[in-house]
Amino acid sequence: MSGLHTKLKELRPQDVTEIHDWRGDETVIVSREGFAALMKFLKEDPFFDLSVLMDLGVVDGLGLNWKPRFEVVYHMFSMAKNHRLRVKVRVEEKDAVMPTLTGLWAIADWFEREAYDMFGIKFKGHPDLRRILMYEEFVGHPLRKDYPVNKRQPLIGPVN
Amino acid sequence: MELQSAPPKLRKESMLLNIGPAHPAMHGIVRIITELDGETIVNADVEIGYLHRCFEKMSEQGGYLQVLPYTDRLNYVSPLINNEGYCLAVEKLFGLEVTERAKFIRTIMSEISRVSDHLTCVGATAMELGAFTAFLYMIKAREWLYQIIEEVTGARLTISYLRPGGVKGDLTPDFGPKCRKILHDTREVLKEVSALLTKNRIFVDRLKDIGVMSKETALSYGITGPFLRSTGIDYDVRRSSPYSAYSKVDFEVPVGTTGDNYDRYLVRMEEMEQSMRIVEQCLDKIPGGPVLLDTEGNEIPADVMIDEAKMGRVGGVCGKTAAFDPTLGGSSKPVFKQVESDNKRAMFPPKEDTYTNIEGLMHHFKTVMMGHGIRPPKGEVYQAVEGGNGELGFYIVSDGTDRPYRIRVRPPCFVIVASLKKLIMGDTIADIIPTFGSMNMIGGELDR
């Protein structure tokens with residue numbers, strides 16, 4: 001199956017701002033406003049049937065002077081139809097908030113916690129948004145491009 | 001005064017119990033905080049991150065080739081598969097196709113790795129349930145596999161054998177027969193272990209109907225690999241989007257029915273057999289002919305050639321070909337050609353060229369020096385391979401320079417451990433051990 005991105009652009013022109021399929025990876029860039037409804041649609045629509053949220057990553061565009069600084073990247077996969085779609089949402093640094101997907105996929109819980117931990121993206125409606133890889137007392141978000149690679153912080157053990 | 005003894009008031013409160021971070025049955029460092037009612041787990045929280053080594057941050061600091069050794073340390077039980085995933089992703093960025101022979105070598109090495117991965121997982125699970133013999137048998141078999149990996153790659157664990165564009169060196173001349181012998185021996189071991197475990201009352205009782213996961217929950221957690229297949233969904237990256245030589249070999253994808261610990265054990269046992277079948281078919285079909293050069297009295301061992309050239313005595317070695325030698329000493333040029341891609345911007349030159357002529361030396365420097373390394377075009381790719389635990393994905397963003405702008409790993413373990421809480425709720429504390437064992441948590445991959 002191919003052409004998911006063009007099909008989605010036709011169906012939802014108001015949500016999809018950009019599409020490309022570089023090296024065969026079909027990608028749509030969508031606006032944040034319609035994002036949560038769009039993901040629900042992609043999961044439940046029988047044509048798209050993207051039943052699995054394979055991956056959630058964030059790219060910090062500070063080094064490339066991206067204007068909305070962050071891109072939140074969702075990789076989706078359809079078990080039944082064996083096709084993939086990448087959905088990207090651009091968010092500003094000042095307003096780095098995304099709607100949560102924990103209601104649609106259980107794994108969104110940990111993926112979103114990791115995105116929060118590493119990049120400081122907040123997920124509105126997440127039931128338990130804590131750090132996951134770093135410890136609670138850690139200051140900053142280490143995968144941001146402006147976090148120095150050599151920066152050391154005191155290791156503080158858990159309180160309890 | 002009348003003494004009246006009031007009936008003792010029953011007080012009910014749950015107990016909090018920490019398991020880990022450093023518990024012998026935890027396979028790595030992970031902490032499970034459980035809330036117990038008697039022996040039953042009523043609530044749990046899984047805390048990870050103890051082995052976080054900033055893989056993704058470090059990957060952004062060096063060139064594309066410098067990331068390769070880090071990938072070894074993701075799933076350290078099957079490092080060759082991680083190498084393959086990363087190399088395929090970089091090749092996808094370049095739009096690069098490796099030679100047929102390299103594809104077969106990659107397939108063979110990945111499958112050997114997968115067998116060693118499953119051997120470790122099943123062996124460790126059995127050991128934690130008291131079957132120490134099975135563990136020793138399986139580690140013995142894993143040792144043979146490690147030996148053959150060492151013979152080809154020069155290392156046992158952190159191998160970095162694959163390269164974007166091919167593999168480091170060709171297989172050893174007697175690899176075929178040796179490998180077949182080892183596979184035969186491994187099969188014997190698996191037969192023995194299966195006889196010890198599969199119908200063993202104690203083993204079955206501890207595993208059966210424990211840690212049950214439904215298809216829907218597994219999909220909701222994005223679980224892949226043996227874990228997903230045990231629930232009855234036959235999804236395998238090797239089958240659904242074949243890479244390397246998987247489209248040219250015949251293999252079955254074993255699936256379970258109930259998704260409990262016992263099914264996961266059975267799926268892993270059968271997958272090892274299928275992996276060995278793949279290796280055998282690859283050995284039959286591998287193209288490229290003899291890897292040894294014809295001896296016209298004109299060849300010298302590669303390491304001697306390199307040593308001579310290092311001392312500046314190039315007169316004696318110039319114009320001669322080197323004898324094949326897959327060690328770090330170098331591999332000979334014609335053989336190297338068989339396994340490396342033609343794209344010079346993406347691959348290392350043969351070591352003989354690096355040490356004997358200026359073009360080779362410049363080529364080498366142009367691929368490794370900071371600011372000169374290999375440069376894929378601008379873009380982003382996601383490449384998935386079937387790792388030991390499921391879909392291992394690499395998402396690479398390239399900004400057109402010699403450093404990866406962003407590398408994101410989709411670790412199969414992460415999603416599996418995320419589901420641990422759900423799996424153990426309602427079970428007893430003793431059930432954590434087989435459930436946790438059968439999910440095959442690998443700290444390096446989980447925490448990156």
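Why is strand S3 of chain A largely enclosed by the rest of the structure?

1. Nine of the nine residues of S3(A), residues 52-60, are buried, so the rest of the structure largely encloses this strand. Buried here means 20 or more other C-beta atoms within 10 Å of a residue's own, with C-beta atoms placed from the backbone. Strands are DSSP E runs of at least two residues and helices H or I runs of at least four, numbered from the N terminus.

2. A quick word on conventions: this is a predicted model, where local features need pLDDT of at least 70 and side-chain atom pairs pLDDT 80 or more, while totals for chains, interfaces and linings use all residues. Residues count from 1 along each chain as its sequence is written, with chains lettered from A and ligands numbered from 1 in the order written.

3. Back to S3(A): its antiparallel partner is S4(A), residues 70-77, and eight bridges join the two. Look for Val52(A) opposite Phe77(A).

4. Over in chain B, the axes of H4(B) (100-128) and H5(B) (132-153) come within 8 Å and cross at roughly 160 degrees. The two helices are therefore roughly antiparallel (angles over 145 degrees, on a scale from 0 to 180 between N-to-C directions).

5. Now the chain contact: chain B puts in 33 residues and chain A 28, counting residues whose C-beta atoms, placed from the backbone, lie within 7 Å. On the chain B side, elements supplying at least two residues each include H1 (55-59), S9 (391-398) and H16 (412-418).

Terms used: Angles under 35 degrees count as roughly parallel, over 145 as roughly antiparallel, 65 to 115 as roughly perpendicular and the rest as oblique. Two residues are in contact if their C-beta atoms, placed from the backbone, lie within 7 Å. A residue is buried if 20 or more other C-beta atoms lie within 10 Å of its own, exposed if 12 or fewer, and partly exposed in between; C-beta atoms are placed from the backbone. Two strands pair if DSSP finds at least two bridges between them.
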